[in-house]
Structure formats: structure tokens, C-alpha cells
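Subject: Handover of a structure and notes on its contents

Dear colleague,

Please find below the structure that I am passing on to you. My notes on what was found in it follow directly after.

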Amino acid sequence: MEKKLVPEKNYFLIKTKTTLTKIKEIAPAEAEKLMMQISDLKLEVTGPMEFIYFDCTDDVEKEFTLEIALPVKETDVVVPQGYSIKKHKAFKCVSHIHKGELTMLYRIYEKLFSEIWNVSEKPTNQVREVYHNYTDQFSVDNITEIQIGLQ
């Protein structure tokens, strides 16, 4: 568990409501559409794809807000309906790099939240998953950075 401050970033994103149960159904298609829009708009990508979760809990049926986002260079392009360009301020967080299957993330989240509470830190309502390398859900080649917001 490492504490860090993620610098302010500009994102091209799509925002949706979903549940942990349904995310596997919508995420691949939405991420692909996001990539096509970035290509069509000729936006300069400045980092890997991120899933930014707001108010997500361990209740797999509870709805939360998800931003599927790619960091991009600032621009004044006209954004298609359903998408937006948004600047996220610097983000204080606990960070952990996971290598391997995404099915293991649930256990890692449990461990990280336990460690956060044990050192008397308070998490925010925001969690990010940064996909430094993504092959598929079950690949041992995946590199995913989990970032849990801290107050």
C-alpha cells in the first residue's frame, strides 16, 4: 500500500450508472466506443484508460456512477452527445499495482480498505482502476493500478 498524489488530469469520458453485476456487460462496448470517438476527434491520449467509480460499495446490486475515461491533452473540440471532457483535480489516494486476472481485484480491495481503516485513514467516495496493460479479464499479463481516494 503506497500513498500518492495523482496530478490533475483532463479526461475524455462517458459517464453512466451501473452495478458491479452489470459492469462486465457494458464496460467493453462503452470503452470501445470511447476509443472510436477519441480517434474520430483526433484527441491526443496522455495515459492509460481509467474506470473512475463514485459511491461504489461491496453490494454488487447497488447502483453507482462510473466514468470510463481516457486522459487527453486539453482541447476545445466539440464533444458528441453522451461524452464529455472533464478535468479532475489532484487525487490523494492509496495505490496498489495488481498483476494478473481482474477476478482477483475484489480480494485486493478488501485488503486495501482494511489497511486504510487500520491506520485511521478515511476513504473518499472515489476509487479508480488504471489499466496500464489490459489483455482480457482472465489474463496474467494485465497490470491494473487500484487507487482508493483518501480524505
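Predicted model: local features only at pLDDT ≥ 70, side-chain atom pairs only at ≥ 80, totals over all residues.

Helix α2 covers residues 105–118, which makes 14 residues. From its first C-alpha to its last it reaches 20 Å, close to the 20 Å expected at 1.5 Å a residue. Its buried residues are Leu-105, Ile-108, Tyr-109, Leu-112 and Ile-116. Viewed down the axis of α2, these buried residues fall within an arc of 100 degrees, so they line one face of the helix. The face of α2 turned away from the buried side carries the exposed residues Arg-107, Lys-111, Trp-117 and Asn-118. After α2 comes Ser-120, whose phi is positive, near 60 degrees.

I turn next to the strands. In β8, 7 of the 8 residues are buried, so this strand is largely enclosed by the rest of the structure. Strands β6 and β8 run antiparallel and are joined by 7 bridges. Strands β7 and β8 also run antiparallel, and 7 bridges join them. Which residue of β8 is the bridge partner of Ile-97? That partner is Glu-145, and Glu-145 is also the bridge partner of Val-130. A further pairing, antiparallel as well, connects β3 and β7 over 5 bridges. Within it, Tyr-53 stands opposite Val-127 in β7.

The aromatic rings deserve a separate look. The count comes to 4 aromatic pairs. In one of them, the rings of Phe-51 and Tyr-131 have their centres 5.1 Å apart and their planes at 75 degrees; angles over 60 count as edge-to-face, so this pair is edge-to-face. The pair links distant parts of the chain, with Phe-51 in strand β3 (residues 50–54) and Tyr-131 in strand β7 (residues 123–133), 80 residues apart. Are these two residues buried or exposed? Phe-51 is buried, with a relative accessible area of 8%, and Tyr-131 counts as buried at 12% relative accessibility. Ring pairs also link Phe-51, Tyr-131 and Tyr-134 into a cluster.

Another aromatic pair is formed by Tyr-53 and Phe-64, which lie 5.5 Å centre to centre with 35 degrees between the planes, and this pair is tilted. Tyr-53 lies in strand β3 and Phe-64 in strand β4 (residues 64–71), so the pair ties together parts that are 11 residues apart in sequence. Tyr-53 counts as buried at 7% relative accessibility, and Phe-64 is buried with a relative accessible area of 1%.

Arg-128 lies over the face of Phe-91, at 4.0 Å from the ring centre.

Yours sincerely,
A colleague

Note on methods:
Residues numbered from 1 in each chain as written. Heavy atoms only, no water. Phe/Tyr/Trp six-rings, centres within 6.5 Å; stacked < 30°, edge-to-face > 60°. Helix = DSSP H or I, 4+ residues; strand = E, 2+ residues; numbered from the N terminus. Buried < 20%, exposed > 50% of the residue type's maximum accessible area, 1.4 Å probe, protein only. Lys NZ or Arg CZ within 6 Å of the ring centre and 35° of its normal. Expected span 1.5 Å × (residues − 1). Arc of directions from axis to C-beta. Pairing = 2+ DSSP bridges.
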